[in-house]
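Please keep the sequence and the model in view while reading the points.

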Amino acid sequence: METKFCQSCGMPLQKEEELGTNQNGSKNEEYCVYCFKDGSFTKDVSMEEMIQHCIQYLDEFNKDSQVNYTKEDAIQEMRQFFPTLKRWKQN
């Protein structure tokens with residue numbers, strides 16, 4: 001099964017309890033519970049602010065992956081990856 005990622009922060013969506021919620025309380029398949037609740041984004045941030053928020057979790061990410069990113073490398077990767085996510089994609 002292909003891994004889905006939150007279309008705001010890039011977190012892998014692997015468990016149902018990680019999914020955000022729509023206005024009617026149903027699960028949202030595109031966004032995580034940290035970014036999307038009750039049909040709205042939980043924070044009004046820019047893409048760069050989201051990257052700075054996510055970098056706080058680098059140690060946790062490195063622990064769970066085969067890669068060991070430096071802070072600078074992780075920021076570069078996010079700056080390339082985030083524009084492909086629905087929330088940050090330029091139409």
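1. Basis of the note. The model is predicted, so that local features need pLDDT of at least 70 and side-chain atom pairs count only at pLDDT 80 or more, while totals for chains, interfaces and linings use all residues. Residues are numbered from 1 along each chain as its sequence is written, and side-chain values use heavy atoms, with hydrogens and water left out.

2. Packing of α1 and α3. Helix α1 covers residues 47-54 and helix α3 residues 71-81; the two pack at an angle of about 140 degrees, with their axes 10 Å apart. Helices here are DSSP runs of H or I with at least four residues, strands are runs of E with at least two, and both are numbered from the N terminus. Axes are lines fitted to C-alpha atoms, for helices over the stretch in contact, and angles run from 0 to 180 degrees between N-to-C directions. That angle makes α1 oblique to α3; the term applies to what remains once angles under 35 degrees are called roughly parallel, those over 145 roughly antiparallel and those of 65 to 115 roughly perpendicular.

3. Residues of this contact. From α1, the contact is made by E48, I51, Q52 and C54, and from α3 by I75, M78 and R79. Contact means heavy atoms within 4.5 Å. These residues divide into 4 nonpolar, 1 polar and 2 charged, where Ala, Val, Leu, Ile, Met, Phe, Trp, Tyr, Cys and Pro count as nonpolar, Asp, Glu, Lys and Arg as charged, and the others, Gly among them, as polar.

4. The buried face of α1. Which residues of α1 are buried? They are M50, I51 and C54. Buried means under 20% relative accessible area, exposed over 50%, and partly exposed in between, with a 1.4 Å probe and protein chains only. Seen down the axis of α1, its buried residues fall within an arc of 100 degrees, so they line one face of the helix. The arc is that of the directions from the helix axis to the C-beta atoms. What covers these buried residues includes α2 and α3.

5. The two sides of α3. In α3 the buried residues are A74, I75 and M78. Viewed down the axis of α3, its buried residues lie within an arc of 100 degrees and therefore line one face of the helix. Their cover includes α1 and α2. On the other side of α3, E72 and Q80 are exposed. For Q80, the relative accessibility is 57%.

6. L58 in α2. L58 is found in helix α2, residues 58-64. L58 is buried, with a relative accessible area of 12%. Leaving aside residues up to four places away in sequence, L58 touches Y69, T70, K71 and A74.

7. V67 in a loop. V67 lies in the loop between α2 and α3. Because its relative accessibility is 37%, V67 counts as partly exposed.

8. The backbone at D38. Where is D38 placed? D38 is in the loop between β5 (36-37) and β6 (40-41). The phi of D38 is near 55 degrees, a positive value in a residue other than glycine. Most residues other than glycine have a negative phi. D38 counts as partly exposed, at 45% relative accessibility.
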